[in-house]
Amino acid sequence: MDIGDETTLFRNAVSGLTALDDPGLEPPYRWTATGFSSVVVTTNNGFIVRVARTSAAAERNAATVALLAALSGRLPVGIPEAARVLPRSADMPHGALVYARVPGEPLTPSAAAPRSLVGDLADFLVRLHQQPVSVVGNLRSEDGSIFESLIPRLRTLVPRNGIEALTRWRDAFSRLLTETASVPLHGDFWHENMLVSHGRLSGVIDWEAARFGPAALDLCPLWALGPDIGRAVSAHYAKAVGLDVDVLVRQVGLCRVRRELDGLAWSLDNDDSVELTESVGKLQAAVGDLILL
């Protein structure tokens, strides 16, 4: 995405919020981030507004509000509170999700990860993954079907041996879904969604991708912070729940491929050639690192 696109998204968000004239959302509004599904704006009085960029993101908003309300007070760090959905309008055609700002600053890959933070990340996932179905409600389940939906287009993007490797991945990932426990997932446990304060995890945001699935799906984004941190958190998690860490790390490898397929799908659906090139490269790297179960 070039800066012009980003500027237009922010300008439209500001126009939509101004027209809404909601007394709880005080201007001026500040651009905070732009992601695959939302442009994020911060209000003067500390609320975060995630203006949906796609119809899929809009459909997830109501479910996200319900999930956050159900999880309130049940996790060891802060999560978005007072969440609600803003209506659709000409400038915000997919509506928006708004919630009170969670304390802390996003974790960056360059930041050192002290042992306390590694423990915090693992402990958060353990607590989340142990939440009962009666609390988290009617989340969708990961089924791996994204590969079948992408295969016609993948044939034009990766060589034949790449398709063969992805087919082997599909079979292994299907076994993973069948043979491992399905737990409540954050769904995008990416460092930009982790907030830290004084070297400790203080909050976790961006719950729109929450679903049921194997625990390794929440561990795999941590590899973006480096393999040492990814394995350290996985080892802490494995010890806490009684899993073999080497088996868990192999599962994480399978889930890294699954995660990169999401980025590829977004790039194709939104005709973003720059992101598509990056997504194909990330997918091929994840497949190259793969150790099939």
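Colleague: Please take helix α10 (residues 273-288). Which residues of α10 are buried, and which are exposed on the other side? What do the buried residues of α10 pack against?

Modeller: First, the ground rules. This is a predicted model, where local features need a pLDDT of at least 70 and side-chain atom pairs count only at pLDDT 80 or more, while totals for chains, interfaces and linings use all residues. Residues are numbered from 1 along each chain as its sequence is written, and side-chain values use heavy atoms, with hydrogens and water left out.

Next, confidence. pLDDT is the predictor's confidence in each residue, from 0 to 100. The protein averages 92, and 97% of its residues score at least 70. Confidence is lowest in helix α1 (residues 3-20), with a mean of 85. It is highest in helix α7 (residues 216-219), at 98. Where pLDDT is low, predicted coordinates should not be read in detail.

Now to α10. Helices (H or I, at least four residues) and strands (E, at least two) are DSSP runs, numbered from the N terminus. The expected span of a helix is 1.5 Å times one less than its number of residues.

Which residues of α10 are hidden? Buried means under 20% relative accessible area, exposed means over 50%, and partly exposed is in between (1.4 Å probe, protein chains only). The buried residues of α10 are Glu-275, Leu-276, Ser-279, Val-280, Leu-283, Ala-286 and Val-287. Seen down the axis of α10, these buried residues fall within an arc of 140°, so they line one face of the helix. The arc is that of the directions from the helix axis to the C-beta atoms. On the other side of α10, Val-274, Thr-277 and Gly-288 are exposed.

The buried residues of α10 pack against three helices: α5 (146-154), α6 (160-179) and α9 (245-269). Contact here means heavy atoms within 4.5 Å.

Look at the start of α10 too. A side-chain oxygen of Asp-272 comes within 3.3 Å of the backbone nitrogen of Val-274. A polar contact is a pair of N or O atoms within 3.5 Å; within protein, one must be able to donate a hydrogen and the other to accept it, and residues adjacent in sequence count only if both atoms are side-chain atoms.

Step back to α9, one of the partners of α10. The 25 residues of α9 should span 36 Å at 1.5 Å a residue, and its end C-alpha atoms are 36 Å apart, which agrees. Asp-244 caps the N-terminal end of α9. A side-chain oxygen of Asp-244 lies 2.9 Å from the backbone nitrogen of Asp-246. Just after α9, Asp-271 takes a positive phi of about 50°.

Ala-265 is found in α9. Ala-265 is buried, with a relative accessible area of 12%. Leaving aside neighbours within four places in sequence, Ala-265 is in contact with Ile-146 and Leu-150. Ala-265 and Leu-150 are 115 residues apart in sequence, yet their C-alpha atoms are 7.2 Å apart in space.

Then the cysteines. A disulfide is a pair of cysteine sulfur atoms within 2.5 Å. The structure holds 0 disulfides. Cys-220 is in no disulfide, and its nearest cysteine sulfur, that of Cys-255, is 5.5 Å away. Cys-220 counts as buried at 4% relative accessibility. Cys-255 counts as buried at 0%.

Pro-221 is found in the loop between α7 and α8 (227-241). At 2% relative accessibility, Pro-221 counts as buried. Pro-221 touches Phe-189, Trp-190 and Arg-259, not counting residues up to four places away in sequence. The C-alpha atoms of Pro-221 and Arg-256 are separated by 7.3 Å, though the two are 35 residues apart along the chain.

One last stop is Arg-211, in strand β10 (residues 211-213). Arg-211 is buried, with a relative accessible area of 4%. The side chain of Arg-211 makes a polar contact with the side chain of Glu-142 (3.0 Å). A polar atom of the Arg-211 side chain also lies 3.1 Å from the backbone oxygen of Ala-209.
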